[in-house]
Amino acid sequence: MEFFQAAWRYEKLVPFCNPKMLAGPFPHTVVLHGPAGVGKTTLAKKWMLDWTQDTLSESLNSTLYLSCKELNHQGACTFAELISKKCPDLQQAGPEILAQAQKLLFVIDGFDELRVPSASLIHDICGDWKKQKPVPVLLGSLLMRKLLPKATLLVTTRPGALRELRLLADQPVFIEVEGLLERDRREYFLKHFEEEDHALRAFEAMKSNPALFRMGAAPAVCWVVCTCLKQQMEKGEDPALTCQTTTSLFLRFLCGQFPPAPGSGARQPLPAALRALCVLAAEGIWTQTSAFDGEDLGRLGVTESDLRPFLDKNILQVDADCEGCYAFVHLSVQQFLAAVLYLLDSDGQDAGDGGRGDIGDVRTLLSKEERLKNPDLTHVGHFLFGLSNEERARELEATFGCRVSLGVRQELLESLCGGNGPFSSRTDAKEVVQCLYESQDESLVKEATGHVQEVSLHLQSPGDLVRSAFCLRHCRDLRRVSLQVDKGLFLENDSASEPATWEERSRRDQQVLPFWVDLCSMLSSNRNRIFLDISHSVLSTSSVRILCEKIASAPHNLQQVVLRNISPADAYRNFCAVFGGYETLTHLTLEGNDQKNMLPILCEVLKHPKCNLQYLRLGSCSATAQQWADLSSSLTFNRSLTCLNLMANELQDEGAKLLYRTLRHPRCFLQRLSLENCQLTGAYCKELSSALIVNPKLTHLCLAKNDLGDQGVKLLCEGLSYPESQLQTLVLFHCNITCDGCIKLSMLLHQNSSLTHLDLGLNHVGITGLKFLCEALKKPLCKLSCLWLWGCALTPASCADLSSALSSNQNLVTLDLGQNPLGYSGIKMLCDALKLQSCSLRKLRLKIDQSDAQVQNLLKEIRESNPKLTVEGDYEEPKNKRPSSHEFIF
């Protein structure tokens, strides 16, 4: 498959003359895809014209245009009947000649309009010209080259049908039709308005709404916007306010087409006409139809005279491509009118009642399942939220003289607050924020967000920020906020972006920073202790300053803060400066490669008499040896910090040596320490060992992914053998330990050691090492309750020792044997011990071959004999594996 992009302006035969294609005549399938109304049909018809005017070829040179909208109204027929009806000249050629014709172009226009269940075309294929089949089946057979295998096919579709086309079509070339480019839209406005300054003011107003501006790629939407804004500006109104939301623009457009006569109310036929139009629009959206014939109108109880006011205003038009049919000027207008139907009061009937079974109710409209099946419903939902604003509803009522019911507002609230709440995922949060912003109803937003406790936001554009700020400043019960800010939202520090000068970038940022202030205010307006997570974010100097000011000026309510991979480089330092004396902060995580000059400020935070930090995580921190020394020293001034995680820092032995000395200080209160992947060796394990002797507070120690070797383990065991050592959890995952190290650990476990959790994963324990460990497990003084041996080169031969140890040990509750190829024979040896009711084990992890029936039967026996035991399969990839025990450290 190949992909191209083409603007709405015509580019002659892009796919047919593309030099990347193979040389020689062969069949093509070309797919023009893009949103509704961007010119796909126009481009296809232009190609048809050029195709028929090609005089270079002496072979049959014909085109057939098949409108899927029109074919929806045709019954079953043969393929011969279909082409003879569309192109009688081809009837004389006969199937044999046509089958070889390479200069025959079929245009299948509006493939997404076909009324056929998804994926059903693949299963019903016909290669017989004379066999009667439903038209969609004939088109599917044409696409799959069962009919006219050498013809060229040109298909137009909206993006929603691309997946099915990829399954049907043979090696298609995809061309994205973008519609009007920005310069084209600007030119359109200049032609529509008499005065250039009015045109540019209106254009900038549309551009301020990204969703509306994207829709403007369709000429029909540009006409709607220009028509509406011109009327508004003639009344002296601000076009920017009209463009604030898409709903307000479309409402003003619709109402502007029907101004009341001087001294009178709305004209009498309008209420019935509006209802008829909205029923037609909603029926079409729910059945994914954009063209309606007389039969459709009759079925819905609608007449042409009902629709005449809207035909006269070009809101509804006679479809040029589908004889005897009507279509809305653009899909967005149809979506808007479908939303209006849900507001029209119909003597207590809902939109989905009254014999209109295809039109779903509000709950169905807003359900995720329906929107996945029919993406057009998403925009109807947005419009419905916009129309739930009482001021807008009354404007509609006054214009058309119809009764409007605001009972839908309660249904909208219930749909937001159902399930796991409106912000249960980032996808949900973005959709909910879009809906609430569209309403511009602060009371609705307060009701919807008043009890929200968790929000996860991904800000990708200024529009995301504007909408989020409007909605989330009303959250009063937040407990957790996760934030990701993409590059390009703030430009102040982005010298590589357009515009190029700092002044221009700063000026552009001044437009979005007020909304950032509003968003940050949600942190200061909450009464709860808050977990704040800002990760993978590109901020600016100004946005960091604003956030820090909000944190500093508000009542202290941040309890846990995670700052991970953020820029600019001084952001970490500025945040740390705010946290000095911040009494409620108990957990702080700082990760990223740009933490320059942060440690000196952090040391001051730790020394502050009001510091209550209990957990500190520093990751990938670029620091000097002196800065590490200062950090170690600051720990002796802090009485609250009990957990320190320095995973993945270039601490090295010299930096660790200073930390080991701090552990010996009587005013060091650390209980849990992780030095995972800190480039340590066994060189200074003696210092650590001596610290373990004199520090009874340290209970959890992680040294994973450091090359300690057997010598380092030997030195550690010397310290751990003293009764003063109270270490309970020791993680030695991937530390280059062999059976010699296991022997030392076994000797330690023989004694009255305090160790209860031991992780030896990804070390070469082997048969001999395990034998010694099993001997220790049998001893009554061994207190181990969790033993992790993930990927330790254990074989079935090791299982006899393990089985014996499990039969006698009364303390072990967790055993991880993942990524060890024990096979059926090894598991069978464990089976006898595991079946025993006296077996203390509660959780066992194994590498299991799911296709091995014998193994599955063994596991079934174990579960039946010992229901208290949970056996887990290990299906993880060994690459980048973290220690199995990491959750026991923090």
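Here are a few exercises on this predicted model, each with a worked solution.

Before you start: residues are numbered from 1 along each chain as its sequence is written, and side-chain values use heavy atoms, with hydrogens and water left out. Local features need pLDDT of at least 70 and side-chain atom pairs count only at pLDDT 80 or more, while totals for chains, interfaces and linings use all residues.

**Exercise 1. Get to know the whole chain**

Find how many helices and strands the chain has, and what share of its residues count as buried.

Solution. Start with the elements: there are 38 helices and 23 strands (DSSP runs numbered from the N terminus, H or I of at least four residues for helices and E of at least two for strands). Next, burial: 55% of the 890 residues count as buried (under 20% relative accessible area; exposed is over 50% and partly exposed in between, with a 1.4 Å probe and protein chains only). Then look at contacts (heavy atoms within 4.5 Å). Among those between residues at least 6 apart in sequence, 80% join residues at least 24 apart.

**Exercise 2. Check the confidence**

Work out the mean pLDDT of the chain, and look at how residues 17-25 and residues 55-60 score.

Solution. The mean pLDDT (the predictor's confidence in each residue, from 0 to 100) is 86, and 87% of the residues reach 70 or more. Over residues 17-25 the pLDDT is below 50, and that stretch has nine contacts in the model beyond near neighbours in sequence. Over residues 55-60 the pLDDT is also below 50, with seven contacts beyond near neighbours in sequence.

**Exercise 3. Compare two helix pairs**

Describe how α27 meets α28, then how α12 meets α16.

Solution. Two packed helices are described by the angle between their axes and the distance between the axes. Axes here are lines fitted to C-alpha atoms, for helices over the stretch in contact, and angles run from 0 to 180 degrees between N-to-C directions.

Take α27 (residues 571-578) and α28 (residues 599-607): their axes come within 9 Å and cross at roughly 15°. So α27 is roughly parallel to α28 (angles under 35 degrees; over 145 is roughly antiparallel, 65 to 115 roughly perpendicular and the rest oblique). R573, C576 and A577 of α27 make the contact with I601, L602 and V605 of α28. By class, that gives five nonpolar, no polar and one charged residues (Ala, Val, Leu, Ile, Met, Phe, Trp, Tyr, Cys and Pro count as nonpolar, Asp, Glu, Lys and Arg as charged, and the others, Gly among them, as polar).

Now α12 (residues 246-256) and α16 (residues 331-341): the axes come within 11 Å and cross at roughly 90°. That makes α12 roughly perpendicular to α16. The touching residues are T247, F250, L251 and L254 of α12 with S332, V333, F336 and L337 of α16. Sorted by class, they are six nonpolar, two polar and no charged.
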